[in-house]
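Please look through the structure below before reading on. The paragraphs after it take the parts in turn.

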Amino acid sequence: MLRERVITNARIVTASEVIRGTVTLRDGQIHDVSEGRSSLPAAEDWQGDFVIPGLIELHTDNLEKYMNPRPGVDWPSENAVLAHDAQIVGAAITTVFDALSIGDVNPKGQRLLQLPKMVQAISHAADQGHTRAEHRLHLRCEVSHEKTLGIFEDLVGNELVHLVSVMDHTPGQRQFVKYEKYREYYQGKYHLNDADMDAFIVLQKQNADRYSEGYRRRIVDICHERGLSLASHDDATSEHVHESAGFGMTIAEFPTTHEAAALSHQLGLKVLMGAPNVVRGGSHSGNIAATDLARKGVLDILSSDYYPASMLQSVRILSQSDLGISLPQAVNMVSLAPARSANLPDRGQISPGLRADLVQVKDTGRQFVVRQVLREGQRVF
């Protein structure tokens, strides 16, 4: 028996235009998109609100906030997943890649101990149907850490793993070309005194010399063998970008210079930047502004990074700016572009035959407000 749902009197944001019309859903898929208002008695009147595709988040470490809500507090992992999931779907995100860091540079950190618990909790909640968004895993591999390759090989076989990024936060390059910025960031983050910070820098450089190149190549090879999407991270120079392109990567996460972003875009890597960067008007770490890349036409994907609600708000900011970005183009940055880059052809736009992952959005004049979220045609928020 077909399950049909008709949404009408909505401003439908397709991949190329906004139309006032009707969307018909059948058995969890989009059946029809048409202009005009439906006269069916059962049609739902969305009162002129926007209907957009469910957002697709490729890179968020939001779950860690729920695992460790305060320093020294370890929250029950399955409860943390559900709390994280509720925030994600409330932010209009229907597909989320939970980014799990492999290789913790924090000398006092517990990430490596928590990693198995986080993976198990996400897998269990998804298997039991307890999550409202669809959760997948993004393995963030710190190639300068001695344990990274072994842990990666243990986790990469998990069926939820669909995206892998290769990172190197060694001081003096990429995100931290300036040592003073590296000191400011990590000394403040990890509460290290000057002597400990000096020793920390020496260790990170030694580890990079020992592990980075070999680990990067092996991880890339394994991803190609398994057909996993690959992302670079913090590319800063043309050499970095050409290396990433040569490795067959499809996403350039957070390039730190205009040169790297432009070349990544030119070579076919989709440039991903943080939506908080758009909302705040710049990078919190002093790197390039996402709006500058948008102005140059080399911004492809937005990720919430550390603040889920930033994705939808950044769509509004970009589409109402003087950058010449239409609402469909801004929405594509958080739906269609990430879907294609992560090899998810069944979602990401409002088109017949695709998944009915949809969001009702009201523009209050000050911000976009999520009124309801559908995942495969069923209301989850």
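Contact here means heavy atoms within 4.5 Å. Helices (H or I, at least four residues) and strands (E, at least two) are DSSP runs, numbered from the N terminus. The model is predicted, so to speak of local features requires pLDDT of at least 70, side-chain atom pairs count only at pLDDT 80 or more, and totals for chains, interfaces and linings use all residues. Residues are numbered from 1 along each chain as its sequence is written, and side-chain values use heavy atoms, with hydrogens and water left out.

Begin with the sheet. Strands of a sheet pair through backbone hydrogen bonds, either parallel or antiparallel. Two strands are counted as paired if DSSP finds at least two bridges between them. This sheet is open and has 8 strands in the order S6-S7-S8-S9-S10-S11-S12-S13, with parallel pairing. Strand S6 (55-60) and strand S13 (301-303) are at the edges with a single partner strand each, so one side of each has no neighbour in the sheet. From one strand to the next, the twist averages 25°.

Within the sheet, strand S7 (residues 93-102) and strand S8 (residues 134-142) run parallel and are joined by 8 bridges. One of the residues involved is Ser101, whose bridge partner in S8 is Arg140. Helix H4 (residues 148-155) packs on the sheet, where H4 touches S7, S8 and strand S9 (161-167), and its direction makes about 160° with that of S8. Such angles run from 0 to 180 degrees between N-to-C directions, and axes are lines fitted to C-alpha atoms, for helices over the stretch in contact.

Next comes a pair of helices. The axes of helix H7 (residues 238-246) and helix H8 (residues 258-266) come within 9 Å and cross at roughly 30°. H7 and H8 are therefore roughly parallel to each other (angles under 35 degrees count as roughly parallel, over 145 as roughly antiparallel, 65 to 115 as roughly perpendicular and the rest as oblique). Ser238, Val241 and His242 in H7 meet Glu259, Ala260, Leu263 and Ser264 in H8.

Which residues of H8 are buried? They include Ala260, Ala261, Leu263 and Ser264, where buried means under 20% relative accessible area, exposed over 50% and partly exposed in between (1.4 Å probe, protein chains only). The buried residues of H8 pack against H7, strand S11 (251-253), strand S12 (270-274) and helix H10 (290-295). After H8 comes Gly268, with a positive phi near 95°.
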